[in-house]
Amino acid sequence: MIEVDVGLLGLILIIVGILAGICNAVAGLASLVAYPSLLALGLPPIMANVTNTVALIFSGVGATISSQKELRGAHKELLTFLPITLLGCICGALLLFAIPESDFEKIVPFFILFGAFAELVPYTKRPNQEVSLLTKLLALVGVFLVGVYSGYFGAAAGVLMLALLGIISNEPFAKYNAEKNVIFAIANVISAIIYGLNTRLLWHWIIPLAIGFLIGGYIGPIIVRHTPTRLLKLLIGFGAIILAISLFIQAY
């Protein structure tokens, strides 16, 4: 682990958290900033994943507070997507301590790459446009699998969820992006509880990172509110490709 003064480490983690929190609230890509930063600062992969996930709760809190306008009328969809995601999240968090991390790391880049292409494909769905029952069912299975993935590793889980919600949600991007933030805020609480029961939590890392996540999470929805959806999707897609390439190099 790199030797860094405690005060300086805290400041670095707050800055990392702000940038990652913005990325998370806007695009579900906190791990594009936070996970590599934690690795660079010397945390091993599982501990970096655990630290990132626990602190991410506060990005969701900040984003939820800032997204009250978008969340009006979203309760019906949340009651559909949230339980499915949480069930998957519990399974994934338990898997983290049952399966060697190296095995899963090899397929993580491909999940992220899929999410990137899903965001970059110029698919446009109008609000209230109906999709086939089969498509909806497959997408809901996908929501469960993203929940499993988020509980286990989570890098770019938000991108995958955004791609699925773009297919089955009846809301515009700003609204289902806000739904995604609420879903993962709660999912990360579940993951954090399971992690805390199975490993030691590094609170002197988590707390400053969480402060940054809270600030960045609050700023993110404001950016979404004032930025064209297509531009956001392009940024999400290309950001996810960068992360996929980075994790592919690390895994292979």
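## Briefing: helices α1 and α10

In this predicted model, helices α1 and α10 are oblique to each other, a word used for the angles that remain when those under 35 degrees count as roughly parallel, those over 145 as roughly antiparallel and those from 65 to 115 as roughly perpendicular. Helices here are DSSP runs of H or I with at least four residues, strands are runs of E with at least two, and both are numbered from the N terminus. Residues are numbered from 1 along each chain as its sequence is written, and side-chain values use heavy atoms, with hydrogens and water left out. Because the model is predicted, local features need pLDDT of at least 70 and side-chain atom pairs count only at pLDDT 80 or more, whereas totals for chains, interfaces and linings use all residues.

**The α1 and α10 pair**

- Two packed helices are described by the angle between their axes and by the distance between those axes.
- The axes of α1 (residues 6-27) and α10 (residues 173-198) come within 8 Å and cross at roughly 125°, where an axis is a line fitted to C-alpha atoms over the stretch in contact and the angle, on a scale from 0 to 180 degrees, is taken between N-to-C directions.
- On the α1 side, the contact (heavy atoms within 4.5 Å) is made by Asn-24, Ala-25, Val-26 and Ala-27, and on the α10 side by Phe-173, Asn-177, Lys-180 and Asn-181.
- These contact residues of α1 and α10 divide into four nonpolar, three polar and one charged; Ala, Val, Leu, Ile, Met, Phe, Trp, Tyr, Cys and Pro count as nonpolar, Asp, Glu, Lys and Arg as charged, and the others, Gly among them, as polar.

**The chain as a whole**

- The chain has 12 helices and zero strands, and its radius of gyration, taken over C-alpha atoms, is 17 Å, close to the 18 Å that the globule rule gives for 252 residues, so the chain is as compact as a globular protein of that length; the rule is 2.2 Å times the number of residues to the power 0.38.
- Taken along the principal axes, the box filled by the C-alpha atoms of the chain is roughly 55 × 35 × 30 Å.
- Of the 252 residues in the chain, 53% are buried, meaning under 20% relative accessible area, while exposed means over 50% and partly exposed lies in between (1.4 Å probe, protein chains only).
- Among contacts between residues at least 6 apart in sequence, 85% join residues at least 24 apart.

- Asn-181 is placed in helix α10 and counts as buried at 3% relative accessibility.
- Not counting residues up to four places away in sequence, Asn-181 touches Asn-24, Ala-25, Gly-60 and Ala-63.
- Gly-60 belongs to helix α3 (residues 45-66) and is likewise buried, with a relative accessible area of 2%.
- With neighbours within four places in sequence left aside, Gly-60 is in contact with Asn-181 and Ala-185, and its C-alpha atom is 9.0 Å from that of Lys-180, 120 residues apart in sequence.

**Partly exposed residues**

- Ile-12, in helix α1, is partly exposed with a relative accessible area of 28%, and its C-alpha atom is separated by 8.5 Å from that of Pro-208, 196 residues apart along the chain.
- Cys-91, in helix α5 (residues 75-96), is partly exposed at 33% relative accessible area, and, leaving aside neighbours within four places in sequence, Cys-91 is in contact with Phe-144 and Val-148.
- Ser-132 lies in the loop between α7 (108-120) and α8 (133-152) and counts as partly exposed at 39% relative accessibility; its C-alpha atom is 9.5 Å from that of Ile-168, 36 residues apart along the chain.
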